[in-house]
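Let's take a walk through this protein together.

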Amino acid sequence: MSACINGLCRAVTVSLLLLLLSFSFSSACSNGNCQLLDSCSSATDCVSGLYCGDCPAVGRSKPVCTRGQATIPTSIINGLPFNKYTWLMTHNAFSNANAPLLPGVERITFYNQEDTITNQLQNGVRGLMLDMYDFNNDIWLCHSLRGQCFNFTAFQPAINILREVEAFLSQNPTEIVTIIIEDYVHRPKGLSTLFANAGLDKYWFPVSKMPRKGEDWPTVTDMVQENHRLLVFTSVAAKEDEEGVAYQWRYMVENESGDPGVKRGSCPNRKESQPLNSKSSSLFLMNYFPTYPVEKDACKEHSAPLAEMVGTCLKSGGNRMPNFLAVNFYMRSDGGGVFEILDRMNGPVLCGCETLSACQPGAAYGSCKNVTVQTRTPSMDSTAGSNSGGSYSGSVQFSRSLASVAQLNNIVVFCFSLLPLLIFLL
């Protein structure tokens, strides 16, 4: 009888221990306590600035806490010339997969982002690439074919998101935003009128103060004090004299976009740009996105391949760090992603440290804090909720999953390949 009781006691003891261990492991990381790369199962598990997401493209189908916000470099090291910093830029920032459709029109085009301009800015994006066209007796944001906007490739009037930019600058008086326009607007004074109507002219950085011979830009402190917190560039040279909108390639060099810009070991300059190591321009735009955007692949692209390409472009630029890093689906990664790479780009330039988080305000250059850069492999705990469809959740969550959009993009590639033929036949 006692043996049976002892056996029962042993069984109860083991069960209690297993229960306690299970409780300790489950409670060790939840309710907003989970750190970068910790397993997560709900939107509330991760600390602020992280969200719960996965990356099936690299074989990680179990969700982990993933970075979703940039550290603004001026919040750590302030007062340097604008061209000493590296800023996050979104390619085709307007091309939001969740944007409302035009009434009665099914949109057939590519998507490059998955949240609003306001969300992008709040998450640390400081550069926006926008394609502007004459359309519907207005200026619209649009993807195009042969310089023409169609109702099935149009998104919305440009003034809508420019007003979002104005609201952000108004609410954040120390922030600086750059806009690069792929310009198909032909109406006289179209751009200058558009920005004035959006209330952005009061933030305009004047062309007359932009360095033309590779000199340093004004300090970010001076730009804020003078309220010159909006830099606008156009792809049309004539508009610099006609409207006071800076011609992009007079002030910056740029590597090739699309597939040539993601080819391993190569970082060629765009044909409109001076060579990347040219000393005549003090800004450097680095593109890193494939020709055809696929959301589910972005998390893989924004890991080791991007870090390696930064090194390649740094070398091609004559050891000059890019000032803008332009990507698709900027929040998608297998952990630290674009945000961690930006920290590693800013750290060596701003303070001589491996990463921005090691910089110490007011300290001598090269005086770095001891920080641990999170690079460990995420836990593949099988108890974490499955997220293999590519959906995300958290404080910086997307409005919906793009699993279906990824499939749609494959159809779009096919449709666009046939579009010239269809236009010819019509």
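**Two helices side by side**

Helix H8 passes helix H9 in a right-handed crossing, where right-handed means that the near helix is turned clockwise from the far one by less than a right angle, and left-handed that it is turned anticlockwise. H8 covers residues 304–316 and H9 residues 337–350, and their axes come within 10 Å and cross at roughly 25 degrees. Those axes are lines fitted to C-alpha atoms, for helices over the stretch in contact, with angles running from 0 to 180 degrees between N-to-C directions. The pair therefore counts as roughly parallel (angles under 35 degrees; over 145 is roughly antiparallel, 65 to 115 roughly perpendicular and the rest oblique). Which residues meet here? From H8 come Leu-306, Ala-307 and Val-310, and they meet Val-338, Ile-341 and Met-345 of H9; contact means heavy atoms within 4.5 Å.

Before going on, a word about what you're looking at. This is a predicted model, where local features need pLDDT of at least 70 and side-chain atom pairs count only at pLDDT 80 or more, while totals for chains, interfaces and linings use all residues. Residues are numbered from 1 along each chain as its sequence is written, and side-chain values use heavy atoms, with hydrogens and water left out.

Stepping back, the protein has 10 helices and 13 strands, which are DSSP runs numbered from the N terminus (helices are H or I, at least four residues; strands are E, at least two). Of its 426 residues, 51% count as buried, that is, under 20% relative accessible area, with exposed over 50% and partly exposed in between (1.4 Å probe, protein chains only).

Now find helix H3, residues 158–171: its 14 residues reach 20 Å from first C-alpha to last, close to the 20 Å expected at 1.5 Å a residue (1.5 Å times one less than the number of residues). Its buried residues include Ile-161, Leu-162, Val-165 and Phe-168.

Next, look in the loop between H4 (190–197) and H5 (220–225), where Val-207 is found. Val-207 counts as buried because its relative accessibility is 13%. Its C-alpha lies 6.9 Å from that of Val-245, 38 residues apart along the chain. Val-207 also has contacts with Glu-240 and Tyr-251, among others.

How far can you trust it all? The average pLDDT, the predictor's confidence in each residue from 0 to 100, is 85. Over residues 1–5, though, pLDDT stays under 50, as it does over residues 375–391. Where pLDDT is low, the predicted coordinates should not be read in detail.

Notes:
Lists of a residue's contacts leave out its neighbours within four places in sequence.
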